[in-house]
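Subject: Structure for you to look at

Hello,

Here is the structure I promised to send over. Please open it first, then read my notes below.

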Amino acid sequence: MNVKIDLGKCDGYANCVIEADRVFDIDDGTGQAVLLTAIIGPELADEVRRAQARCPVQAIRLED
């Protein structure tokens with residue numbers, strides 16, 4: 001699974017970091033989410049799906 005962040009939508013709420021801190025972080029300079037890894041294995045899939053669901057601006061996209 002590949003993960004992408006639409007930085008045009010991201011407002012830095014950090015819900016993604018709360019749900020999947022091994023995949024997402026917040027950039028100190030921009031205040032927006034950054035990916036720590038873009039390719040997700042099955043062990044992180046549930047966390048990333050929860051992060052996607054909790055993003056209030058729907059900035060996270062998952063691709064198989």
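In helix α2, the buried residues are L44, A45, E47, V48 and A51. Bear in mind that this is a predicted model. Helix α2 covers residues 42-54, so look there first when you follow the notes. The helix has 13 residues and reaches 19 Å from its first C-alpha to its last. That is close to the 18 Å expected at 1.5 Å a residue.

What do the buried residues of α2 pack against? Their partners are β1 (2-5), α1 (15-19), β2 (24-26) and β4 (60-63).

Next, the nonpolar core. The largest one has 16 residues. V3, C16, V23, F24, I40, A51 and I60 touch the most other members. The largest share comes from α2, with 3 residues.

Leaving out residues up to four places away in sequence, V23 touches V34, L35, L36, T37, I40, L44 and V48. Two of these contacts, L44 and V48, are also on the list of buried residues in α2.

Now the charged pairs. Side chains of opposite charge can pair when their charged atoms come close. The count here comes to 6 salt bridges. Three of them are set out below.

- E63 and K4: their side chains meet at 3.7 Å, N to O. E63 lies in strand β4 and K4 in strand β1, so the pair ties together parts 59 residues apart in sequence. E63 is partly exposed at 27% relative accessibility. K4 is partly exposed too, at 37%.
- R50 and E19: the closest N and O atoms are 3.1 Å apart. R50 is in helix α2 and E19 in helix α1, so this bridge joins parts 31 residues apart in sequence. R50 is partly exposed, with a relative accessible area of 42%. E19 is buried, at 19%.
- R22 and E47: these side chains meet at 2.5 Å, N to O. R22 sits in the loop between α1 and β2 and E47 in helix α2, so the pair links parts 25 residues apart in sequence. R22 counts as partly exposed at 48%. E47 is buried, with a relative accessible area of 16%.

Best wishes

Methods: Residues are numbered from 1 along each chain as its sequence is written. This is a predicted model: local features need pLDDT of at least 70, side-chain atom pairs count only at pLDDT 80 or more; totals for chains, interfaces and linings use all residues. Side-chain values use heavy atoms; hydrogens and water are left out. Helices (H or I, at least four residues) and strands (E, at least two) are DSSP runs, numbered from the N terminus. The expected span of a helix is 1.5 Å times one less than its number of residues. Buried means under 20% relative accessible area, exposed over 50%, partly exposed in between (1.4 Å probe, protein chains only). Contact means heavy atoms within 4.5 Å. A nonpolar core is a set of buried Ala, Val, Leu, Ile, Met, Phe, Trp, Tyr and Cys residues joined through side-chain atoms within 4.5 Å. A salt bridge is a side-chain nitrogen of Lys or Arg within 4 Å of a carboxyl oxygen of Asp or Glu.
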